[in-house]
Amino acid sequence: MSDQGLIQANKPLRIVIVAGELSGDILGAGLIRELKKLHPAAEFFGIGGPRMQEEGFVSHWPMDRLSVMGFVEVFGRLRELLNLRKEVRDFCLQEKPDLFVGIDAPDFNLTLEGWVHDAGIPVAHYVSPSVWAWKQGRLKKIARCVDHMLTLLPFEADFYHRRKIPVTFVGHPLADELPMDVDQNACRDQLGLSKEHSVLAVLPGSRSSEVKYLGQTFIDTALRCCEMMPELQVAIPCANALRRQQIEDQLAAVKPELRQCFHLFDGMSREVMSASDAVLLASGTAALEAMLLKKPMVVAYKMAWLSHAIISRMIKVDHISLPNLIAGEALVPEMIQDKATVDSLSDLLLDRLQNPDNYRGLVERFYQLHHELKREASQVAAKALSDLMEQQAHSDTPAEHKH
């Protein structure tokens with residue numbers, strides 16, 4: 001009997017998945033879709049969002065109960081989150097699923113994974129916490145609680161390999177989703193931007209605090225670029241209505257003749273970057289997306305001085321932006337805190353807008369990195385998890401004795 005047949009011979013597989021936010025819901029939906037191809041009778045339940053539910057997932061708790069960010073917000077709901085985690089633990093211990101998969105949300109999931117693992121249930125974690133950057137003490141917990149780590153980025157897998165923690169680099173779903181080449185002119189048509197003049201995409205972030213600390217600097221930087229390139233079009237995607245209002249408030253003082261350079265859009269960050277010649281953005285997933293769209297970029301970040309003082313002492317890596325982390329070298333400039341000035345940012349952006357030929361080598365490097373990340377992530381992840389369950393079915397060693 002084949003390995004797959006061995007798993008399916010007993011009873012339908014039952015898999016618990018806990019995803020805490022939109023990105024996890026997208027990953028979970030792709031994972032479920034591919035696991036169903038390998039195990040058509042499998043049942044999926046736990047905590048997930050609408051995309052996972054469209055794939056047949058049963059969410060016993062609403063996903064938005066987990067979607068909190070920031071110390072203050074988490075502290076305010078700490079009792080609720082602790083109670084929820086215990087409810088999920090009790091549910092898993094009662095149901096005894098064939099596999100538990102925590103998707104991201106490490107502060108919630110890692111402790112839960114420890115409890116589930118101790119009960120003899122195989123555990124996988126999808127999306128590595130940033131242990132390579134900080135909080136490396138989590139590694140001991142991961143080694144004890146997680147049977148298999150699924151990483152989106154190659155340098156993360158190397159990090160776990162060196163520490164003898166079972167890991168699979170699955171690639172990044174964004175690299176699967178985005179085409180190798182985008183039609184810049186079609187995106188400009190869609191956005192109502194001129195094809196004749198350069199476009200600067202400005203993405204100050206999706207959070208209120210990011211727009212607070214970066215928004216005005218980014219607008220002033222774009223203004224400086226417009227003064228040097230009067231025909232420049234500045235495109236700013238607004239993550240939601242609140243961010244749009246914040247950005248409009250910051251634009252209020254701009255002279256009318258310069259205000260016409262700015263074009264605000266609701267959402268559409270991908271289309272805006274696709275239409276652009278260069279991108280100014282806050283560090284985060286947007287930098288990865290800009291890299292996959294092959295756009296020269298400048299990455300900047302600012303935060304409250306106390307937060308920066310604390311975090312900068314904890315960070316253990318040379319780079320903070322994903323293109324540089326993935327490449328293992330400084331491909332794109334990172335202007336952090338005091339370095340993120342209007343003068344420095346505008347000089348860097350004007351060079352990228354006015355001298356595109358200088359960045360052909362960078363664009364070629366972005367193509368190479370796209371190919372490296374394009375691995376059919378959901379398919380690779382599903383195969384790794386199917387293999388993990390197969391090993392467990394074969395093994396006489398209960399999960400709690402591993403590591």
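Q: Which residue in β13 is the bridge partner of valine 299?
A: In this predicted model, strand β12 covers residues 297-301 and pairs with β13 in the parallel sense. The two strands are joined over 3 bridges. For valine 299, the bridge partner in β13 is glutamate 334.

Q: Which strands are the edge strands of the open sheet?
A: The sheet is formed by 6 strands with parallel pairing, in the order β10-β9-β8-β11-β12-β13. An edge strand pairs on one side only. This applies to the strands of residues 262-266 and 334-336, namely β10 and β13.

Q: Is glutamine 233 buried or exposed?
A: Glutamine 233 is placed in strand β9, which spans residues 233-238. Its relative accessibility is 8%, and the cut-off for buried is under 20%. Glutamine 233 therefore counts as buried.

Q: Which residue has its backbone nitrogen 2.8 Å from a polar atom of the side chain of glutamine 233?
A: Not counting residues up to four places away in sequence, glutamine 233 touches Leu193, Ser194, His197, Ser198, Val199, Leu200, Cys261 and His263. The backbone nitrogen at 2.8 Å from the glutamine 233 side chain belongs to serine 194.

Q: At about how many degrees to β10 does helix α12 run?
A: Helix α12 comprises residues 241-251. This helix lies across β9 and β10. Relative to β10, helix α12 runs at about 170 degrees.

How values were computed. Residues numbered from 1 in each chain as written. Predicted model: local features only at pLDDT ≥ 70, side-chain atom pairs only at ≥ 80, totals over all residues. Heavy atoms only, no water. Helix = DSSP H or I, 4+ residues; strand = E, 2+ residues; numbered from the N terminus. Buried < 20%, exposed > 50% of the residue type's maximum accessible area, 1.4 Å probe, protein only. Polar contact = N/O pair within 3.5 Å; in protein donor to acceptor, adjacent residues only side chain to side chain. Contact = heavy atoms within 4.5 Å. Pairing = 2+ DSSP bridges. Axes fitted to C-alpha atoms, helices over the stretch in contact; angles between N-to-C directions.
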